[in-house]
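Colleague: I would like to go through this model with you. Tell me what each term rests on as we go.

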Amino acid sequence: MSLRNKLFLSFIGLMILNILLFKFVFEDIIVEQLKNDRHNQYQYEKETANKVRLMQLLRSYNFKDPTERLEMDLNLPEDLMYRMVVKDARGNVIDSKTSKAYDLKQPPPTSPRNSEANSGLKIVGEYHFQIEPPKEGETVIYFYTDEYDIMASKGVSMMLWFIYGSITLVGLVLMGLYVRWILRPVNELTRVTQEIREGKRLVSFSYRTHDEFGQLFQYFGDMVDDLRVSEERQSELISAIAHDFRTPLTTIKGYASYIGTGRVTNLERIQKQMGKIEQKTSDLEKLLDELQDYNTQNTEVRLNISRIHVKQFMKGIIEDYLVRIKEAGLSFQWKLRVSNELHIEADETKLRRVMENLINNAITYNKPNGSILITCDQREGHVLFTVIDKGEGISPEDQAKVFTKFYRVEKSRNRDNGGTGLGLNICQSIVRRHGGDIMVSSELGVGSSFSFTIPFYTT
């Protein structure tokens with residue numbers, strides 16, 4: 001499961017748990033508290049209204065004890081926001097009284113008067129008491145509330161604490177999960193990176209999941225394996241180059257030393273030994289050319305594109321190899337199934353390098369009295385070049401690796417024949433830079449077929 005899905009499902013799970021927790025645990029408690037708050041508020045307002053009613057009765061009966069009436073007037077609660085209005089029979093306001101809590105909510109004198117809307121107050125209760133005869137009229141008491149008053153109630157505070165607390169809890173849990181899911185693979189990657197830095201190449205990961213980090217570790221592990229294989233091949237390459245240089249140099253040194261003694265006076269024998277020296281020198285040049293080509297492809301030197309006549313290009317290569325293939329005791333055939341007017345845009349030197357490498361491999365790994373067939377076919381939008389030999393063949397497991405740099409199919413055989421394991425990798429790089437592709441088809445004991453394509457564009 002991906003990390004994104006884990007976080008999403010964790011969020012959904014925490015929200016469902018939070019909803020269930022509210023539904024089955026806190027909902028009844030909070031609702032009951034809200035009911036109690038409203039009931040207590042109602043009772044408080046009712047008691048205040050009854051006191052006002054009693055004061056009204058005392059006034060209507062001309063109560064003679066002003067001290068007691070004043071004491072009752074002072075006993076009216078000042079923490080409630082209310083406004084008491086006395087109206088005559090015509091509805092005109094003849095007296096009014098407000099609580100201190102109400103007065104504190106009123107805007108300053110510079111603001112518009114009677115601006116209850118401006119103060120944010122809303123009427124939540126209203127009591128009407130008729131004045132007994134002989135006086136007529138009524139006393140009205142209005143009870144108010146505002147946002148702060150509502151927010152200050154215990155039930156609303158409990159609700160807000162639950163909301164803020166649940167949001168904080170969900171955030172902390174998600175952050176904890178996120179940190180855990182992030183830090184564990186990061187620490188694992190740090191440990192493995194340190195091991196690689198110290199030179200270790202056989203590393204293992206204890207973090208095995210199917211999320212993004214698991215995929216990253218898989219790619220990282222593959223990269224380390226490739227690095228290890230590359231280092232092993234480079235070590236083999238250095239050993240092979242040392243061997244491949246030492247063998248011809250030993251031969252050259254031996255013949256040169258022997259000729260230098262002056263004991264060889266036969267001209268034909270001298271010429272034969274000089275030919276050996278020249279051949280070994282040529283082998284060294286090819287080895288150096290291969291190494292230089294590998295360095296060139298790594299630096300991405302620009303292709304020297306020119307217009308190439310395909311048939312003339314192929315005929316030139318065939319003429320160059322006629323004698324060499326014959327001297328190797330191999331039969332040689334070719335089929336050029338392309339138009340005489342066909343041209344391609346390519347780097348001729350590098351394209352020749354690919355053909356020469358494939359033909360040289362066909363000669364080197366062929367069987368005694370074997371054969372080589374070169375074909376060139378014009379296809380839809382590209383030219384197909386193929387070199388076929390009746391040689392030893394390549395196993396299926398090696399066919400997938402022959403284009404890997406430093407790869408040598410058979411170490412012992414390649415050491416005898418020379419080579420760095422870079423030739424086919426260089427060929428693949430050259431072909432791909434031309435927009436083509438290179439393929440291999442082989443069977444052990446039967447032979448191999450190497451093909452590559454180069455696109456052309458009709459005008």
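Modeller: Start with the largest nonpolar core, which has 43 residues. Among them, I344, M355, F385 and F452 touch the most other members. This is a predicted model: local features need pLDDT of at least 70, side-chain atom pairs count only at pLDDT 80 or more, and totals for chains, interfaces and linings use all residues. Residues are numbered from 1 along each chain as its sequence is written, and side-chain values use heavy atoms, with hydrogens and water left out.

Colleague: What makes a set of residues a nonpolar core?

Modeller: The members are buried Ala, Val, Leu, Ile, Met, Phe, Trp, Tyr and Cys residues, joined through side-chain atoms within 4.5 Å.

Colleague: Which residues does F452 touch?

Modeller: Contact means heavy atoms within 4.5 Å. Not counting residues up to four places away in sequence, F452 touches L351, V354, M355, L358, V383, L384, F385, V431, D437 and I438.

Colleague: Why is N366 called buried?

Modeller: Buried means under 20% relative accessible area, exposed over 50%, and partly exposed in between (1.4 Å probe, protein chains only). N366 has 11%, so N366 is buried.

Colleague: Where is N366 found?

Modeller: In the loop between α10 (348-364) and β8 (371-378). Helices (H or I, at least four residues) and strands (E, at least two) are DSSP runs, numbered from the N terminus.

Colleague: What makes β1 and β4 a pair?

Modeller: Two strands pair if DSSP finds at least two bridges between them. β1 (residues 82-88) and β4 (residues 137-145) are joined by 7 bridges and run antiparallel. In β4, V140 is the bridge partner of V85.

Colleague: In what order do the strands of the open sheet lie?

Modeller: The 4 strands lie in the order β2-β1-β4-β3, with antiparallel pairing. β2 (93-98) and β3 (122-130) are the edge strands, as each pairs on one side only.
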